[in-house]
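Subject: A structure for you to look at

Hi there,

Here is the structure I promised to pass on. Have a look at it first, and then read my notes below.

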Amino acid sequence: MSLPVQLYCWHFMAYPYLSKDFDETQETGWVTVPNSLWDRTKARGLYQEYIDQLAYGDRLGFDGMVLNEHHQNIYGLMPSPNLIAAALTQATTRGKIVVLGNLLPLHLNPLRVAEEYAMLDNMSNGRIIAGLAPGAGAETFNYDIPSVATREQFWEAVDLIARAWTEDGPFAHEGKWYPLRYVNPWPKPMQTPHPPIWIPGSRSKSTLVNVAKRGYAFFLSSRSHGEETAKSQREFAQIIESVGDKYQPFRMGILLSVYVGETDRQAKEEAREGIWYFLKNCLKGHLRRTGRQLTFGPGVPYIAPKDFRAFLEHSKPNSKLLGDADSWEELEKSNSIVIGDSETVYRRLSKLIEESQCGNLLIQFHMGNMPQDIVRKSMKRFMENVAPRLREESKVMYAERYSRELENPRAVVGAAR
Amino acid sequence: MSARSTMETARAGATARVIDVCGRKVEVLESGSGAPLVYLHGFMDVHGLKPDVMAFHEKLATAGRVIAPAHPGVGRTDENPDIVAIEDVVFHYLEVLDALELKRFDLIGHGVGGWIAAELAARHPEKVARLVLIDAMGLFVPGQPTGDIFMMAQPSDGGSNVSLRELLFRNPRDALANQLVPDGRGDIDEELRRYQMLRFASWVGFKPPYFYNRALTNRLHRIAAPALVVWGDKDRMVPIAHGKRYAELLPGCMGLKIVKDAGHSVIAEQPDAVAALVTEFLA
């Protein structure tokens, strides 16, 4: 069995109506960004526009659509991605619906997540990919979750959800954080043994080990690709082998942003406003040094002190993050925002697929305040002129390198064994 | 239970040792002699920032035998996985006191250490000879929330720690504030201690109740011991209204002493003034 690279269309659903002076006047786009900036009139129809873009992606032939959960920010207007997923179950017919993911420590009860994903799996005829995530710094501020406990809570919740999907109920869960007398969800999910589980993370070894030994897929949440991404892949592959399994490319995914134009120059011209809106506004408070960065640091002390010491010893407080890029050249170096004509985008993604050996490419097409017509044009050019070549050559490559590992048909989405 | 010392290190001004408490390591600094005086630290304090006693603690040691344990997960004290709320911290300290064989002592606490001291004294008033609270959290005072030290501890514009200094010191531009909480990458050991201290504090202050226990208000009446409440006049972490409330609620309180030109880190900013108030009270 041979399968090509899986190409997913990712949408953050950013708030696109900020004024031009946002970066000058606001400290952050997250948590404390005043919601007096929300414009009810302009926002009419916004969700419909975004849902339509994803449904359009489904018609163009993407392998799936990706949503995620964020709270109280301008970066992503999906505090409940499951609501958008529910809409997509009715507006689309073929692609996978990836929710990446529900932020488990923010939910009072993991059973609710197990139930909602099971509903979505039935509503979509088995198209759900269930992302489960612990939530980064900003979200712990939003929901008052002491981040020091989140990893422990997260893995307890993950295991409870997987058990709720695979083991007949009712059973009791004796957990530290989520004890439950009666676990007995109706409905059960449609897919067997359960919807594929994807877990995002940075390069923390304990995360990689936890994902590997459960047979789930790993989504590398880094926003710069290249040697570091390849290194993460090798590390993950080694860890998978150490737990007696074999790596294959659908065990791992990465996120990047793409704009495809008619020419390199036209691509930059068309994408310019949306991209810089995304970098300077949406990433302010997250992947940007200017303003207050909430994603990681001493106020969200979830990593062990010895790991924090290593971080202090090896990092520079002023090193640039993705949103600190000041030029197209710097952006190009990040290798996670790819802008150009079909040829350029094909060349760079082909290299990325080869180097990273990641079989799930999650691609953001809508950036910041990008108008819908140009987003759609870029998606169309991608599917017509870039995707076929990537699919063809990756299929050959995977068949050569992973023929045995891919015998299991569920391997394509990294499902549990 | 006896206090078994597993490590002895002589330091300037104080003796450091690591004792065993029910299988967990607890670091304890001691200095001075005489009647036992238990000191529970705050943020910009011994253990919370510095491995050794500071000027304030040296002066305090003229009033007795100062015994200063480091909170769980801070310095060389092990994290205690049973801790998820203030109740568990108080129980941890009961075990520490047992291990140190301390039956009755003077009790001083600063910041989050002051909250622990008040909780401990309300439960075991018989153990506490005299109580001193310095810029202590712990009370719920309507309309007077404590600062969000967790968000303020997140650097801005790369490496600026101005918001943390603003919260913890009288003036974020002061030399002392900048020395203790510098911008950019500071002393790694001190940054790590700050991190450990925030990690410990997050169990009792990140989620609601944010550094308070509503029930404490109606429990303080049990503390008959003479008490002193000391506050920096520019404390933005714990508003002075909390100090006034403590002074009203503690039956043996000799009054609220306000120290001028000091923020939450009053023991670092005005060590002489605070030490003079406390040693006079304990004399």
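Let's start with contacts: in chain B, 72% of the contacts with a separation of 6 or more are between residues 24 or more positions apart. Two residues are in contact if their C-beta atoms, placed from the backbone, lie within 7 Å.

A word on the source: this is a predicted model, where local features need pLDDT of at least 70 and side-chain atom pairs count only at pLDDT 80 or more, while totals for chains, interfaces and linings use all residues. Residues are numbered from 1 along each chain as its sequence is written, and chains are lettered from A and ligands numbered from 1 in the order in which they are written.

**Chain B as a whole**

Chain B has 10 helices and nine strands; helices (H or I, at least four residues) and strands (E, at least two) are DSSP runs, numbered from the N terminus. Along the principal axes, its C-alpha atoms fill a box of roughly 50 × 40 × 35 Å. Of the 283 residues in chain B, 54% are buried, meaning that 20 or more other C-beta atoms lie within 10 Å of a residue's own, with C-beta atoms placed from the backbone (exposed is 12 or fewer, partly exposed in between).

**One strand of chain B**

Now find strand β4(B), residues 36–40, where five of five residues are buried. Pro36(B), Val38(B) and Leu40(B) point one way, while Leu37(B) and Tyr39(B) point the other. In a regular strand, side chains alternate between the two faces of the sheet.

Which strands does β4(B) pair with? Strands pair if DSSP finds at least two bridges between them. β4(B) runs parallel to β5(B) (residues 65–69), with three bridges, and Val38(B) has Ile67(B) as its bridge partner there. It also runs parallel to β6(B) (residues 105–110), with four bridges, and here Leu37(B) stands opposite Asp106(B).

**One helix of chain A**

In chain A, look at helix α5(A), residues 110–123: its 14 residues reach 20 Å from first C-alpha to last, close to the 20 Å expected at 1.5 Å a residue (the expected span is 1.5 Å times one less than the number of residues). Among its buried residues are Leu111(A), Tyr117(A) and Asp121(A). Their cover includes α4, β3, β4, α7 and β6 of chain A. Just after α5(A), Asn125(A) takes a positive phi of about 55 degrees.

Enjoy exploring!
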